[in-house]
Amino acid sequence: PAEPSWQVRPRRRQSREARPVASATPQVQAGRKMAKVCVISLGSESAPHIAECVRQELGDRSASEEWETSKAPVLVVVVECESDGEPCPAARQFVRALRRSECFANYSQSIGRRAAVLGLASSVCANSAAQLGDGDKYTGASRVERALIAGGCTALLKMGTMEVELQSPEESAIPWARAVCAAL
């Protein structure tokens with residue numbers, strides 16, 4: 001069984017050269033660069049769990065950094081939306097912080113940072129989910145995506161969506177995370 005990525009593994013000594021334990025630069029595996037990905041969870045109910053599923057799917061590509069100081073060339077943002085489709089409080093804070101951060105925008109543009117957003121809708125019942133419509137229940141996630149693009153990022157792929165009460169992570173979050181991996 002694979003060890004969780006957060007566990008520290010002892011290094012084997014193969015030569016006298018100093019080897020870094022972790023690197024902020026992309027790693028090379030079988031001739032292909034692996035872009036580091038900063039996964040951001042915006043929400044307090046479903047987002048942390050779904051973000052962890054995405055991190056596990058990304059494996060070694062996932063970097064555990066704060067978004068404001070991250071040097072990762074790719075951001076993956078998991079956004080909880082309220083039952084009316086509006087962004088959760090954490091997402092509103094994130095958008096405000098993005099708009100104020102000139103350094104983030106300048107750095108993102110200079111490295112060609114890409115971003116992918118997964119919107120999590122939470123409806124009280126299936127009837128209210130149907131009444132709200134597909135587009136409206138992810139308005140909060142769309143706002144985050146627009147703020148990232150305005151902040152110097154380009155879209156890695158189309159925004160993913162997940163109806164938390166009606167879909168399991170295996171139905172939508174995991175396939176979306178695999179699409180992110182394929183787009184890297």
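**Helix packing and a pocket in a predicted model**

The buried residues of helix H1 are covered by elements that include strand E3 (37-42), strand E4 (62-63), strand E5 (74-80), strand E6 (114-121), strand E8 (160-163) and helix H6 (173-183). The model described here is predicted. The residues of H1 that are buried are Ala47, Ile50, Ala51, Cys53, Val54 and Leu58. Seen down the axis of H1, these residues fall within an arc of 155°, so they line one face of the helix. Helix H1 comprises 12 residues, 47-58. At 1.5 Å a residue, H1 should span 16 Å, and this agrees with the distance of 16 Å between its end C-alpha atoms. Just after H1, Gly59 adopts a positive phi of about 65°.

Helix H6, one of the elements covering the buried residues of H1, has buried residues of its own, namely Ala173, Ile174, Trp176, Ala177, Val180 and Cys181. In a view down the axis of H6, these fall within an arc of 160°, so they too line one face of their helix. The elements against which the buried residues of H6 pack are H1, E5, E6 and E8.

Strand E4, also among the elements that cover the buried residues of H1, contains Ser62. With a relative accessible area of 18%, Ser62 falls under the 20% limit and is therefore buried. When residues up to four places away in sequence are not counted, Ser62 touches Lys36, Val37, Val39 and Arg55.

Attention now turns to empty space in the model. Rolling a probe the size of a water molecule over the atoms shows where such space is left. The second largest pocket has a volume of about 210 Å³. It is lined by 15 residues, of which Glu45, Glu80, Cys81, Glu82 and Cys88 are the closest to its centre. By class, the lining of this pocket consists of seven nonpolar, five polar and three charged residues. Helix H2 (89-100) and strand E6 each contribute at least two residues to the lining.

The chain as a whole contains six helices and eight strands. Along the sequence, these elements follow the pattern β-β-β-α-β-β-α-α-β-α-α-β-β-α. Of the 184 residues in the chain, 42% are buried. Among contacts with a separation of 6 or more, 79% are between residues 24 or more positions apart.

Definitions and conventions: Residues numbered from 1 in each chain as written. Predicted model: local features only at pLDDT ≥ 70, side-chain atom pairs only at ≥ 80, totals over all residues. Heavy atoms only, no water. Helix = DSSP H or I, 4+ residues; strand = E, 2+ residues; numbered from the N terminus. Expected span 1.5 Å × (residues − 1). Buried < 20%, exposed > 50% of the residue type's maximum accessible area, 1.4 Å probe, protein only. Arc of directions from axis to C-beta. Contact = heavy atoms within 4.5 Å. 1 Å grid on protein atoms, 1.4 Å probe; cavity = no way out; pocket = protein on both sides within 12 Å on 5 of 7 lines; lining within 4 Å. Points joined across faces, edges and corners; volume = space filled by probe spheres on them. Nonpolar A, V, L, I, M, F, W, Y, C, P; charged D, E, K, R; others polar.
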